Amino acid sequence: MNKPAELKLQSVPLWINGRTVDPAVKRTGEVFNPATGQVARRVPFCDAALVDSAVQAAVAALPAWRDAPPLRRARVLQRFLRLMEENQRALAAIVTDEHGKTIPDAMGSIQRGMEVVEFACGIPHLLKGEHSENVGTQVDCHTVRQPVGVCAGITPFNFPVMVPLWMFPVALACGNTFVLKPSEKDPSASIRMAELLKEAGLPDGVFNVVHGDKEAVDAILNHPQIGAVSFVGSTPIAKHIYETSTRNGKRVQALGGAKNHAVVLPDADLEFAAEALIGAAYGSAGERCMAISAVVAVGAAGDPLVKLLAEKAQQIKVGAGDGEGIDMGPLVTCQHRDKVASYIDAGVKEGARLVLDGRKAQFPKDGFFLGTSLFDQVKPAMSIYRDEIFGPVLVVLRAKTLEEAIALVNANPYANGVAIFTESGGAARRFENEVTVGMVGVNVPIPVPVAFYSFGGWKNSLFGDLHVHGMEGVKFYTRTKAITTRWPHQDTPAPGGFTMPLLG
Ligand code: NAD
């Protein structure tokens, strides 16, 4: 297998109009290999003019792509899916190289992203509208779903393949063209996907990639020819994206940060729950928007659960993501590792019981490693509970009853995912019904909906109305047009008149 082109590059290119572009820019960023702490390559930061050149490519490509039959668009995605399968391992290596997560974890996340491509291949069916015959005398009504136009995606560092795949397969299948601005921390995988899309037969200009930070993002939000913006990232930036895009008349879905709870009832299989929670809390070094970061242990579940979690958490093998038998890789950057470690200091100062201290673990000093940490007896006012830490730190709170646990979860301003562990159908049903969170798992620690459902949280975890992929994704990337037609039969002339037409 050929080595992907971008691994040889010193500077990650842009992708505009079906080819790579190495722009002259004033500002660049550093892309690290988090396992070695070394700069792996540089990434150009686009200004408004460079963003505009990508948008113009997307504008020019729009008419032909919009008018291509949906089945033809789906066939491009079918070929892209096959190429993604063939290149999955190589893409996972790029993700591990720039993000740090283990290869199996990267493979799994790419798989989940590819499932959105599979979903989007069904677009001829998904785009079908409604039709009513005889809404009035000789009058029919039907709806069509038409593409929005040029759409943009702005994505976070933690899933450099999967999160872009939540967006562009559905957008392209619906007949839109697309400009992606991936995270500047791990930008290379997007360029590889652009190459694969071209190989799959996607016309030039339909999919484009720009890089950068706030300047590039703001150029997208203020661009008059972009009709829709999909964003995934932290809550403060999601709010900025939502407010700026809506002010500029764009449709927007802005998915934000999270503080996901798992409620464990005393009747749960505690061994099973602890095993599930370990993967959900420390997998990908806790850098998942659906990571469980707060456990609410109810009643007698508390002491035995904390004991099991501590035993299992200290067995986690930390090391380079491409190492044999490694469970957890490094954090994405040195600054992020230090920020996560500072929360462990804060938790101790605030009076929580530090059961396992990840700062004490020994690692190669150049990588951005941190061990697993576990806190017990955490109170809602503590910063380790209030803030999204986004690292390998799990906090345990205690509640006396299920009602108290539900109230705690519902008082949290984040509402992305939540799970309950119990053997009681009645308790689970009540939880499902009363909890004010967008995605709920029952004995499932990370309830990420499959591609043909839609992904999204509530409250501070999502600004906008529609979630990503599934039917809500199709709705987001299309506008509905309702068409009313009158075709009078020759022998019965249609009624005329100057009053408000009545269709009886
Ligand atoms: P981030 O908000 O820092 O960055 C996300 C994107 O916004 C990047 O492309 C970045 O370049 C851009 N950006 C950063 N600062 C900006 C600014 N001031 N103005 C405009 N654009 C800016 O997020 P991150 O650190 O890359 O990712 C981690 C966050 O993403 C966590 O909060 C996590 O919960 C969240 N996340 C949420 C979901 C979800 O589905 N809700 C999924 C994945 C990640």
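Me: Two strands pair if DSSP finds at least two bridges between them. What makes strand E5 and strand E6 count as paired?

Reply: This is a predicted model, and in it three bridges join E5 (residues 131–136) to E6 (residues 139–147). The cut-off is at least two bridges, so E5 and E6 pair. They run antiparallel. Ser132, for instance, stands opposite Cys141 in E6.

Me: What lies between the strands of the hairpin of E5 and E6?

Reply: There are two residues between these strands, and Gln138 takes a positive phi near 60° in the hairpin.

Me: How do you know that E6 also pairs with strand E22?

Reply: E6 and E22 (residues 478–486) share nine bridges in the antiparallel sense. At least two are needed, so the two strands are a pair. In E22, Thr485 is the bridge partner of Asp140.

Me: Why is Phe452 called exposed?

Reply: Its relative accessibility is 58%. Exposed means over 50%, so Phe452 falls in that class. The residue sits in the loop between strand E19 (439–442) and strand E20 (458–459). With Val450 and Tyr453, Phe452 forms a nonpolar surface patch that has about 340 Å² of accessible area together.

Me: What makes Lys459 partly exposed, and what is its phi?

Reply: Lys459 has a relative accessible area of 34%. That value lies between 20% and 50%, so the label is partly exposed. Lys459 belongs to strand E20, and its phi is positive, about 50°, although the residue is not a glycine.

Me: Why is Ala285 called buried?

Reply: Buried means under 20%, and Ala285 has 0% relative accessibility, so the term applies. Ala285 is found in the loop between helix H10 (270–282) and strand E13 (292–298). Its phi, near 55°, is a positive value in a residue other than glycine.

Me: What makes Pro330 buried?

Reply: A relative accessible area of 1% is under the 20% cut-off, so Pro330 is buried. The loop between helix H11 (302–313) and H12 holds this residue. Leaving aside neighbours within four places in sequence, Pro330 has contacts that include Pro34, His99, Ala285 and Phe369. Pro34 is 296 residues from Pro330 in sequence, but the C-alpha atoms of the two are 6.0 Å apart in space.

Me: Why is Arg337 called buried?

Reply: Arg337 has a relative accessible area of 17%, which is under 20%, so it is buried. This arginine lies in helix H12 (residues 334–350). Apart from residues up to four places away in sequence, Arg337 touches Leu331, Gly367, Phe368, Phe369 and Leu370.

Me: How do you know that the side chain of Arg337 makes a polar contact with the backbone oxygen of Phe369?

Reply: A polar atom of that side chain lies 3.2 Å from the backbone oxygen of Phe369. The distance is within the 3.5 Å cut-off for a polar contact.

Me: Why is Ala405 called buried?

Reply: Its relative accessible area is 0%, under the 20% limit, so Ala405 is buried. Ala405 is placed in helix H14 (residues 402–411). Not counting residues up to four places away in sequence, it touches Val263, Val296, Val298 and Ala399.

Me: What makes Arg27 and Glu215 a salt bridge?

Reply: The closest N and O atoms of Arg27 and Glu215 are 3.0 Å apart. A salt bridge requires the nitrogen and the carboxyl oxygen to be within 4 Å, so the pair qualifies. Arg27 is in strand E3 (residues 27–33) and Glu215 is in helix H8 (residues 214–221), so parts 188 residues apart in sequence are tied together. Arg27 is partly exposed at 33%, and Glu215 is partly exposed at 38%.

Me: How do you know that Lys312 and Glu275 meet in a salt bridge?

Reply: The N to O distance is 2.7 Å, which is within 4 Å. The pair links Lys312 in helix H11 with Glu275 in helix H10, 37 residues apart. Lys312 is buried because 15% is under 20%, whereas Glu275, at 47%, is partly exposed.

Me: How many salt bridges does the whole structure have?

Reply: A search finds 26. Asp303, Arg353, Asp376 and Arg398 are linked in a network of salt bridges.

Key. Residues numbered from 1 in each chain as written. Predicted model: local features only at pLDDT ≥ 70, side-chain atom pairs only at ≥ 80, totals over all residues. Heavy atoms only, no water. Patch = residues over 30% accessible without salt bridge, like charges linked within 9 Å, V, L, I, M, F, W, Y side chains within 5 Å. Areas by Shrake-Rupley, 256 points an atom, 1.4 Å probe, with all protein chains shown as cover. Salt bridge = Lys/Arg side-chain N within 4 Å of Asp/Glu carboxyl O. Helix = DSSP H or I, 4+ residues; strand = E, 2+ residues; numbered from the N terminus. Buried < 20%, exposed > 50% of the residue type's maximum accessible area, 1.4 Å probe, protein only. Polar contact = N/O pair within 3.5 Å; in protein donor to acceptor, adjacent residues only side chain to side chain. Contact = heavy atoms within 4.5 Å.
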